[in-house]
Structure formats: structure tokens, C-alpha cells
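We will go from stop to stop, picking residues and looking at what surrounds them.

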Amino acid sequence: HMLPQANEVFNTWKTVGKKEGDALGKTYGFTSSYQSRDIRIRAAMDKTVDLELNVFRIGDMAFFECRALEGLDISSATSIGNQAFYRCVSIDEVKFGAVTSIGDQAFMYCIGIDEINLPNSLKTLGVGAFMACYNVEELTIGSGLTAIPEDAFFYCDHLVSVSLQKNVTSIGKWAFYGCDAIETLNFKGTEANWKNITIGNK
């Protein structure tokens, strides 16, 4: 079984992506044997579509400024590259699965997202990963993440509720800068755990 060439994948993506009302299918030629390769499809879509990817790795800038993406099921992905979904302004829901790493600015300017649930499998979060996701109201960070990086949730200014596990040991500079609407911080550790967290400016 031969895997599709890059140009074939891109052309298929463009064609399917322009069918209004259709949801993109699970694989579109990608199989589990594709897991060692990056997906670098900068598609020019002009209709709102849902996306369900059955892949393990999503490469840098894979869906950079694909403004038509709406629902996003990437529950099979374990690695999401830098700026993979940068400025995908229509995404309103992201379903993570066993993801272990999310790159720098991966979801920056995804202003349609209103809730972020980072699973326990996540070990590495990139700088500015969810920066300027203005409409996020709820944030839950799983137990696998120990370091919240610089600018991670910078200017998520509608953020009201944050839930952190006791495993967190550091919060980077400007990680929650401009998040002035926060009302509830649910920290699952002890006061001693909290005092041991290294916190950067803001």
C-alpha cells in the first residue's frame, strides 16, 4: 500500500475542504504507517469544516491560518508542532487524546476556543502555545505537565477558571499576563507545594 505523495494529499485536501457542510474524514489517505512523517498541508479552504485526523504527528505550521477549521479532533496525535494551528480563528473545540507535546504558538490566536483541557499525558507545552486565545473561559491542566512556559496563556483575558495539579513546579514569565478575569484557581496540591513553585514575572 503506497502512501500518497505530498501534492496528492494537498490536492485532495483542497477539494474536500471546499465542500460546504462536509466534515473531513478520519484518514484521507493517511494511515498509521504515516506516523513518522510530518503533515505539512497549508490548505486554502474557504468553507467551514470539521477535522478529524488519524495521525500521530502534526508538523510545524501544518494548518497555519486555516481559518475555516471549526471542530478539531486530534485525539490520536501525540505531537503537535510549532504554530500548527496558528490563527485558526474558527476552531471552537479541540479534542486532545494522548498528546505528549504541544509546540510554540501552536494555537496562538485561536480565538474561537472557549475551553482548554490538557490531558495527563502532556509533558511539554511550548512558549505562547495558547497565547491570545481571547475567549477561553476554562483551563484545566493535567498532571503530566510540570512547567507552564513563558507566554503560555498570555492575554487569555476572558479566562475565569484555572485548574492546576500539584505536579506543577514552575510558571514562566508572562504565562498568565493580562488574564485579569480569573476568579477561581483550583490548585490540587498543598500550601507547601504552592510555595515551592517557581513563578516568573506576572
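Start by selecting Arg-87, which counts as partly exposed at 24% relative accessibility. Here buried means under 20% relative accessible area, exposed over 50%, and partly exposed in between, using a 1.4 Å probe and protein chains only.

Before going further, a word on the model: it is predicted, so local features need pLDDT of at least 70 and side-chain atom pairs count only at pLDDT 80 or more, while totals for chains, interfaces and linings use all residues. Residues are numbered from 1 along each chain as its sequence is written, and side-chain values use heavy atoms, with hydrogens and water left out.

**Stop 1: around Arg-87**

Arg-87 lies in the loop between S4 and S5, and Glu-65 in the loop between strand S2 (57-58) and strand S3 (69-74), so the pair ties together parts that are 22 residues apart in sequence. Strands (E, at least two residues) and helices (H or I, at least four) are DSSP runs, numbered from the N terminus. Glu-65 is partly exposed, with a relative accessible area of 33%.

Now show Tyr-109. Arg-87 lies over the face of this ring, at 4.4 Å from the ring centre. For a charge to sit over a ring, NZ of Lys or CZ of Arg must be within 6 Å of the ring centre and within 35 degrees of the ring normal.

**Stop 2: the aromatic rings**

Tyr-86 lies in the loop between strand S4 (79-80) and strand S5 (93-96), and Tyr-109 in the loop between strand S6 (101-102) and strand S7 (115-118), so the pair links parts 23 residues apart in sequence. Tyr-86 is buried at 11% relative accessible area, and Tyr-109 is partly exposed at 22%.

Next, pick Phe-96 and Phe-107. Their ring centres are 5.8 Å apart and their planes at 85°, so this pair is edge-to-face. Phe-96 lies in strand S5 and Phe-107 in the loop between S6 and S7, so parts 11 residues apart in sequence are tied together. Both Phe-96 and Phe-107 are buried. To widen the view, select Phe-63, Phe-85, Phe-96, Phe-107, Phe-130, Phe-153 and Phe-176, which form one aromatic cluster.

**Stop 3: parallel strands**

Colour S9 (138-141) and S11: three bridges join these strands, which run parallel. Two strands pair if DSSP finds at least two bridges between them. Glu-138 stands opposite Ser-161 in S11, and Ser-161 in turn stands opposite Thr-184 in S13. S11 and S13 (184-187) pair in the parallel sense over four bridges.

Then find the open sheet of three strands, with the order S10-S12-S14 and parallel pairing. S10 and S14 (198-199) stand at the edges with a single partner strand each, so one side of each is left without a neighbour in the sheet. Between S12 (170-171) and S14 there are two bridges, and Ser-170 has Thr-198 as its bridge partner in S14.

**Stop 4: Asp-151**

Asp-151 sits in the loop between strand S10 (147-148) and strand S11 (161-164). Asp-151 is buried yet has no salt bridge; the nearest side chain of opposite charge, Lys-173, is 7.8 Å away. In that search Lys and Arg count as positive and Asp and Glu as negative, with His and the chain ends not counted.

**Stop 5: helix H2**

Finish on Lys-195 and Glu-191, which form a salt bridge with the closest N and O atoms 3.3 Å apart. Being four residues apart in helix H2, Lys-195 and Glu-191 are separated by about one helical turn. Lys-195 is exposed at 62% relative accessibility, and Glu-191 is exposed at 57%.

Terms used:
Salt bridge = Lys/Arg side-chain N within 4 Å of Asp/Glu carboxyl O. Phe/Tyr/Trp six-rings, centres within 6.5 Å; stacked < 30°, edge-to-face > 60°.
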